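Trainee: Could you walk me through this one before I get lost in it?
Mentor: Gladly, let us look at the structure together.

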Amino acid sequence: MREKALWWEGHILHGLPPGVEPGTSPRPEYGPDRPLTARQRAKAVELTAAGHKVAAQTVANYRRRYQADGIVGLADHRPVRRKREFGSVDDAVVAAMRQAITEATDASTRRGTFLLWRTGEILR
């Protein structure tokens with residue numbers, strides 16, 4: 001995760017590949033006289049040619065995230081996102097299902113259809 005963010009920073013920050021000599025001028029397709037969208041397209045072409053399939057829109061997204069949040073904006077946040085325990089199921093449905101299961105625990109053997117029916121009754 002860290003390595004990828006640093007890799008993107010090298011491309012987003014200067015428009016030059018990482019590891020170039022300090023003071024190196026960007027190639028003409030990255031010059032300040034070029035429109036931003038043209039520079040983003042050029043970077044996407046360069047990265048794709050180097051074996052990293054990247055769209056110009058992806059370069060634009062990373063650039064905006066870098067401008068907003070710095071290097072942290074370039075990190076992949078998917079692994080640290082909290083996911084809800086039961087996905088997109090409403091909390092009221094989860095609570096009702098738990099209540100139905102609790103009620104049926106000491107009763108005779110209940111099937112799943114009973115639990116679904118009882119959950120519906122609780123929600124009503």
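**Salt bridges, a helix and a patch**

Mentor: Glu-103 forms a salt bridge with Arg-118, and their closest N and O atoms are 2.7 Å apart; a salt bridge here is a side-chain nitrogen of Lys or Arg within 4 Å of a carboxyl oxygen of Asp or Glu. The pair links distant parts of the chain, with Glu-103 in helix α5 and Arg-118 in helix α6 (residues 112–123), 15 residues apart. Helices are DSSP runs of H or I with at least four residues, numbered from the N terminus.

Mentor: Please keep in mind that this is a predicted model, where local features need pLDDT of at least 70 and side-chain atom pairs count only at pLDDT 80 or more, while totals for chains, interfaces and linings use all residues. Residues are numbered from 1 along each chain as its sequence is written, and side-chain values use heavy atoms, with hydrogens and water left out.

Trainee: How many salt bridges does the structure hold?
Mentor: The structure holds six salt bridges. Another one joins Arg-98 to Glu-85, with the closest N and O atoms 3.7 Å apart. That pair also links distant parts of the chain, since Arg-98 is in helix α5 and Glu-85 is in the loop between α4 (71–74) and α5, 13 residues apart.

Trainee: And is Glu-85 buried or exposed?
Mentor: Glu-85 counts as exposed because its relative accessibility is 64%, whereas Arg-98 counts as partly exposed at 46%. Buried means under 20% relative accessible area, exposed means over 50%, and partly exposed lies in between, with a 1.4 Å probe and protein chains only.

Trainee: Which residues are linked in a network of salt bridges?
Mentor: Arg-27, Glu-29, Lys-43 and Glu-46 are linked in that way.

Trainee: Switching topic, how many residues does helix α3 have?
Mentor: Helix α3 (residues 56–69) has 14 residues and reaches 20 Å from its first C-alpha to its last, close to the 20 Å expected at 1.5 Å a residue; the expected span is 1.5 Å times one less than the number of residues.

Trainee: Which residues in α3 are buried?
Mentor: In α3, the buried residues are Val-59, Ala-60, Tyr-62, Arg-63 and Tyr-66. They sit on the same side of α3 because they cover an arc of only 165° around the axis, where the arc is that of the directions from the helix axis to the C-beta atoms. On the other side of α3, Ala-68 and Asp-69 are exposed.

Trainee: What does Gln-40 touch?
Mentor: Leaving out residues up to four places away in sequence, Gln-40 touches Ala-56, Val-59, Ala-60 and Arg-63, contact meaning heavy atoms within 4.5 Å. Gln-40 is found in helix α2 (residues 36–49), and Gln-40 counts as buried because its relative accessibility is 9%.

Trainee: Last one, which residues form a nonpolar patch on the surface?
Mentor: Phe-86, Val-89, Val-93 and Leu-123 form that patch, with about 300 Å² of accessible area together. Patches are made of residues with over 30% relative accessible area and no salt bridge, joining like charges within 9 Å and nonpolar side chains (Val, Leu, Ile, Met, Phe, Trp, Tyr) within 5 Å, and accessible areas come from the Shrake-Rupley method with a 1.4 Å probe, only the protein chains shown counting as cover for residues. Val-93 lies in helix α5 (residues 91–105) and counts as partly exposed, at 31% relative accessibility.

Technical notes. Helix = DSSP H or I, 4+ residues; strand = E, 2+ residues; numbered from the N terminus.
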